[in-house]
Each structure stands twice: as structure tokens, then as C-alpha cells.
Amino acid sequence: MTFQEQILQGIPDTLPNKKTLKEGVNRAPKRKDILTPEEKKLAIRNALRYFPKNWHKELAPEFSDELNQFGRIYMYRFMPEYDMYARPIDEYPAQSKQAAAIMLMIQNNLDPAVAQHPEELITYGGNGAVFQNWAQYLLTMQYLATMTDDQTLHMYSGHPMGLFPSHKEAPRVVVTNGMMIPNYSQPDDWEKFNALGVSQYGQMTAGSYMYIGPQGIVHGTTITVMNAFRKKLGAGVSPAGKIFLTAGLGGMSGAQPKAGNIAGCITVCAEVNPNAAYKRHEQGWVDEIIENISELVSRVKKAKENSEVISIAYVGNVVDVWERFFEEEILIELGSDQTSLHNPWSGGYYPVGLSFDESNDLIRNNPAKFKEHVQETLRRHASAVNKHAERGTYFFDYGNAFLLEASRAGGEVMAENGIDFRYPSYVQDILGPMCFDYGFGPFRWVCTSGKPEDLNKSDQIALDVMREIKSNSPSEIQQQMQDNIRWIEEAENNKLVVGSQARILYADAEGRSKIAEAFNKAIKASEISAPIVLGRDHHDVSGTDSPYRETSNIYDGSRYTADMAIQNVIGDSFRGATWVSIHNGGGVGWGEVINGGFGMLLDGSAEADRRLKAMLFYDVNNGIARRSWARNEEALFAIKREMDRTPELKVTLPNLVDDELLNDLT
């Protein structure tokens with residue numbers, strides 16, 4: 001059968017042969033054995049409902065084995081034989097061009113060059129799933145191939161509930177992931193309901209089909225590291241020969257060494273999983289790999305002496321590095337951590353003193369003991385950071401729940417008031433006031449032709465637009481504009497593409513709309529040969545309510561609310577988004593965040609031009625309005641400026657209160 005025929009058949013008519021699992025594949029950790037015997041029967045019953053009854057006798061014991069061995073039913077037997085990657089949009093069988101674009105994005109998320117655990121349908125973060133099982137993938141692709149622009153596909157945590165009549169202005173797909181009743185949103189609830197096959201963790205851009213490989217976070221990480229060094233060293237001081245020490249090379253964290261190179265420092269990134277470290281080295285995202293701690297010490301001392309710009313992956317535990325560098329009196333100018341501590345008990349963070357394989361064995365067979373080791377390591381980790389901070393290290397939490405989990409483990413990370421953390425979130429100190437409050441965030445696009453020349457053309461268009469905007473921008477955002485111009489100027493040279501021909505660029509509402517409008521004109525004029533998909537990371541101005549990350553610089557008490565993210569996804573859906581998504585748990589942990597995203601297809605049409613202007617404007621300014629109501633100075637500036645430019649926009653502004661008035665009352 002051809003690729004198109006396989007897509008159109010969905011669940012095959014004939015039961016495929018059972019597959020032998022490949023060796024050398026980076027597999028997801030074996031999940032906690034959390035279900036009771038009766039619940040395991042329910043999980044198998046739930047899985048079998050995808051298939052004809054005459055297959056059940058053969059599939060039931062197989063699914064039982066998968067559940068007992070892996071903690072999940074992935075349905076490996078139904079994994080497609082064809083290669084998984086983002087094909088040019090015209091190669092997809094589809095009645096709707098919008099649906100074809102979504103198929104392309106789904107396959108990019110599952111491309112082995114992109115995905116962390118592709119055979120378990122996990123894109124990044126250890127648990128960021130596109131689907132729960134391969135039956136869901138097959139059905140979804142079939143629905144997308146057969147739907148029209150008068151239908152909408154509704155996705156329930158990876159399960160395609162079905163095609164419903166709608167209209168051309170409606171989203172083609174509406175995605176929800178892990179939307180639990182609040183009292184059932186603890187980490188073990190994810191383990192249980194995911195094992196039952198009724199919910200999943202979509203991360204941020206995994207379950208919303210908008211992941212573009214590590215590039216997706218390189219730009220934000222570059223901006224963060226550059227500005228962290230500016231805070232530490234002062235303006236104009238080169239970071240060459242200065243250390244940025246961090247951990248994690250798996251999914252999103254794999255961007256760190258590349259970002260460090262662009263920022264111009266020494267990056268030391270520890271990773272316990274050798275497969276992940278060597279994968280990033282093979283892809284050119286990290287310069288050198290070292291497995292011996294003494295060799296690492298010597299190499300770093302040499303790099304500091306020679307003021308090098310170099311990225312080094314250390315295959316081992318980052319706690320060993322923090323402790324050894326303290327003994328060796330190696331100054332760490334900048335420190336952070338980007339392990340998946342939103343998922344601490346299932347492979348997101350590994351304890352010191354145990355091998356990678358020993359840890360994975362404990363996760364499955366003695367999760368209580370594994371948790372003890374992790375929390376002991378977190379206490380050591382925090383202690384080592386504190387020692388370096390006393391010597392002058394600027395440490396920031398990278399929104400991965402490091403400080404939150406360290407505090408829960410009893411690590412000394414609390415401020416003197418016992419309420420706040422000792423160290424800031426990178427959003428509090430850097431991205432919040434410098435980017436999000438002004439409306440700058442991670443705008444993305446994907447060239448659906450798959451042609452590098454289309455991406456190059458789009459880069460030049462974006463660069464021309466940004467330069468024009470900068471020439472008329474106020475002083476408050478000149479640095480942001482210049483950083484983003486520098487980024488796009490160097491994007492091709494930095495070899496950021498993994499998987500689809502995609503780009504990310506931090507831009508505000510004006511920049512996003514004008515760039516998108518220019519793309520649409522170029523597509524209409526055949527200067528770009530095929531449609532472009534627009535999107536963003538959920539890690540943005542408006543899409544995410546996350547009290548320890550995206551909204552950590554909201555100080556009016558509302559950072560624990562999720563109105564903004566819900567308003568955002570609803571507002572985008574009727575203003576022209578091609579698809580919308582809303583997730584529980586992305587980025588910092590199940591029950592800790594609600595985040596929403598979108599995708600939009602530009603096809604050169606007048607309809608696309610109208611939709612992009614309406615939707616992109618709201619998508620950004622919704623968040624600026626909320627941030628201005630929280631009395632954030634930069635957001636107040638941005639929303640007032642936008643209201644001056646856009647008379648139809650009328651936002652409720654706060655009246656500021658004198659502190660002295662309140663002080664007299666206490």
C-alpha cells in the first residue's frame with residue numbers, strides 16, 4: 001500500500017502481525033504500576049474498544065503484557081511501517097488543506113529526529129504525548145484525511161472523539177489534554193488515568209502538534225542567557241570564558257548548549273541519559289562530550305583561561321558537577337537547571353549515586369525508594385547551589401519546578417519570609433518584565449513545502465519587517481528589537497532546523513501580524529511555494545497561567561488563576577485559528593498550570609489575511625491586558641500604546657495606590 005492508502009485506511013482491515021521491539025530506541029521510562037487488578041482489566045477493556053471483537057482474544061493478552069511491562073498500553077503492533085517525518089503538504093491525502101497542514105505537524109512531532117520517545121508517541125519532557133496509543137494516531141490521521149472545511153475534529157487527550165459539522169470559519173481541530181476535575185489533578189492521578197487510557201499529558205507543544213524540535217526553545221533560552229549575563233556582568237561585558245552550568249539534554253532542554261554558544265559563553269550541561277547526550281552531539285547541538293568528572297574540571301579550567309565559547313555535555317549527574325566545581329573553586333557565573341522536574345517520580349530527574357539503568361529499575365519496581373533518592377538529591381543539589389551563590393553565582397529557576405520540588409523535599413531554597421523562593425524564576429527577573437509584559441513571545445512558522453529555500457525567503461521577509469518596525473519603535477523596546485533582529489540574521493548559520501523547515505522568532509503583536517501578512521502576500525505571489533503554518537509556544541504572553549513560570553511576575557494574587565489561558569483559547573478559536581488546544585500540566589507539572597495554544601494556516605487567501613489580523617492581535621493583547629491589570633509597569637506602557645494605535649481596543653486600567661496609604665493601615 002502507498003503512504004496515502006495507509007493513511008486513508010485508518011485502523012487496518014486485517015490484524016497486523018505482532019512487532020518485535022527495536023533495539024537501541026530511546027524508550028520512555030517504565031511507568032509506575034499503579035492500577036489495581038480490576039483497573040487493569042478496565043484499561044484493557046478500554047484499549048480493545050478500538051478494534052473488532054474478533055481480534056480481542058489475540059490482543060487482550062498482548063495489551064495486558066504491555067500494561068504490566070511498561071505501565072501503559074501503547075499498541076506497538078499498530079505502529080505504521082512508513083517513515084515518520086513532516087512530508088511536503090501536497091503528499092498528504094486530504095480534502096482540506098488546513099487538515100493536511102495538521103497531519104504534517106503531527107508527523108513532525110513524532111519524527112524520531114525530533115521526538116524524545118517516538119515509539120511511545122512522546123515528543124519531549126518524558127511524558128509530553130501526542131497520542132496515548134497508535135490506534136488513536138491511525139484514526140486521527142484518517143479523520144484528517146477525509147474531513148472537509150465544514151467539519152471540526154474534537155480531540156480528547158489524544159482520542160479522536162469524532163468529526164462534527166461546523167463551518168469554514170471554525171477551527172478544524174479542537175484539542176484538550178489532561179483537563180481533569182481539580183480534585184483529581186495530582187501526579188498519581190496522571191499515572192492512573194493515563195494508564196487507564198482516558199487522559200494524557202500533552203506537555204505544551206507536544207499534544208498540540210506545534211513542537212519544532214529544540215529550536216523552539218533555543219531563542220528563548222538565548223534571550224534568557226544573554227540577559228542573565230547582562231544582569232550578572234553588566235552591560236557591554238562579554239560572557240566569553242564565563243560559565244553557564246545547567247542540566248538536561250532530552251527534549252526542550254537540549255536547546256541549552258546551542259543557546260549558550262549563541263550567547264557566547266562556556267556552557268556545561270549535565271545529562272544522565274547517554275542516549276540523549278550523544279543524540280544532541282550528533283545533531284550538532286553540543287560541541288564536546290565528557291564522561292569523566294576530572295576531565296571535565298580540566299577542560300573547563302582551560303576554557304576559562306582562554307576565554308572560550310564552547311558547549312560541553314557531561315554524561316552524569318549535575319549535582320556531582322556543582323559539588324566538584326565548588327571543591328575546585330571554579331567560579332560559576334550563571335547557574336540553572338532544566339531537567340523535567342514537573343515529572344520528578346517518573347524519570348524527569350535522576351538521583352545522584354545511581355546509574356541511569358538502576359534508577360529506571362527503581363521507578364518501576366520500588367517507586368517509594370526512588371522518590372526518597374530523588375528528594376535526597378534535591379536537598380544536596382540545593383545545598384551546592386547555595387554555596388556557589390555565596391561566591392557570586394547568579395542562579396535562576398528555569399520554570400521546570402526545581403525550586404518547588406526542592407522546597408517540598410526540604411531543600412534550603414526559601415527566602416527569609418518563608419513564602420517566596422530564595423532565587424527568582426527566569427520569568428520574574430528576565431522574560432516577564434523584558435519580554436512578556438511588552439508582548440514579545442515565541443512566534444513560530446513552518447514552511448509546509450519542506451524546502452529550505454522557502455524558509456530562507458521567510459527569514460528575509462521577517463528580518464525586513466523587524467528592521468522596519470525597529471526604526472519607529474520607542475526606546476523601551478529597542479533592546480528587544482535588536483536582540484530579535486540579531487537572532488534572525490544568524491538563524492541559518494546556527495543550523496537550528498531539526499525536522500520540519502521551521503523558525504521561531506520573539507515578536508510582539510505588531511511584529512507577528514506584519515510578518516504573517518507579508519508571508520501571506522508572498523504565498524499569494526508564489527514567492528513562497530506552499531502555505532505556511534503559524535503558531536507559538538504556549539510559553540508566551542497570553543496562553544499560559546503558570547504561577548511558578550509564565551505568570552510568576554504577576555503580583556496581584558491572580559497568578560494562581562487560569563482565566564487568561566481559557567479566555568485565550570476560546571478567543572483564538574472564533575477569531576480565525578485553524579486549530580486550538582488547552583492543556584493541564586504542560587511545562588511545570590500536572591495540576592500546576594493551564595496552557596493554551598493555536599495553529600493557523602496561511603494560504604495566500606484574503607480569508608487568511610483577515611483571520612491573522614484578528615487572531616494574532618487578540619492572542620497577544622489578551623495577556624498584556626491581564627498583566628497591565630496586575631499593575632505591571634511594562635505592560636501598562638504596552639497596552640496604553642496599543643490603545644492609542646487601535647481605537648477599537650478599550651481595556652480596563654488599574655488606578656495605582658500609594659504604598660504609604662496602606663502602610664498606615666497596618
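Mentor: In this predicted model, helix H7 (residues 215-233) and helix H17 (residues 478-490) have axes that come within 11 Å and cross at roughly 130 degrees. That angle makes H7 oblique to H17, since angles over 145 would count as roughly antiparallel and 65 to 115 as roughly perpendicular. In handedness, the crossing of H7 and H17 is right-handed. On the H7 side, the contact is made by Val218, His219, Thr222, Ile223, Met226, Asn227 and Arg230. They meet Gln479, Asp483, Asn484, Arg486 and Trp487 of H17. Sorted by class, the residues of this contact are four nonpolar, five polar and three charged.

The other crossing involves helix H2 (residues 37-48) and helix H3 (residues 56-70), with axes that come within 10 Å and cross at roughly 130 degrees. H2 is therefore oblique to H3. H2 passes H3 in a right-handed crossing. From H2, Lys40, Ala43, Ile44, Ala47 and Leu48 take part. Their partners in H3 are His56, Leu59, Ala60, Phe63, Ser64, Leu67 and Asn68. The contact of H2 with H3 has eight nonpolar residues, three polar and one charged.

By class, the lining of the largest cavity divides into 13 nonpolar, seven polar and three charged residues.

The second largest cavity contains about 120 Å³ of space. Around it are Tyr438, Ile477, Asp508, Ala509, Glu510, Asn621, Ile624, Phe637, Ala638, Arg641, Glu642 and Arg645. Two or more of these lining residues come from each of helix H18 (509-524), helix H20 (606-629) and helix H21 (633-645). H21 gives the most, with five residues. The lining of the second largest cavity has six nonpolar residues, one polar and five charged.

Terms used
Residues numbered from 1 in each chain as written. Predicted model: local features only at pLDDT ≥ 70, side-chain atom pairs only at ≥ 80, totals over all residues. Heavy atoms only, no water. Axes fitted to C-alpha atoms, helices over the stretch in contact; angles between N-to-C directions. Helix = DSSP H or I, 4+ residues; strand = E, 2+ residues; numbered from the N terminus. Parallel < 35°, antiparallel > 145°, perpendicular 65-115°, else oblique. Left-handed = near helix turned anticlockwise from the far one by under 90°. Contact = heavy atoms within 4.5 Å. Nonpolar A, V, L, I, M, F, W, Y, C, P; charged D, E, K, R; others polar. 1 Å grid on protein atoms, 1.4 Å probe; cavity = no way out; pocket = protein on both sides within 12 Å on 5 of 7 lines; lining within 4 Å. Points joined across faces, edges and corners; volume = space filled by probe spheres on them.
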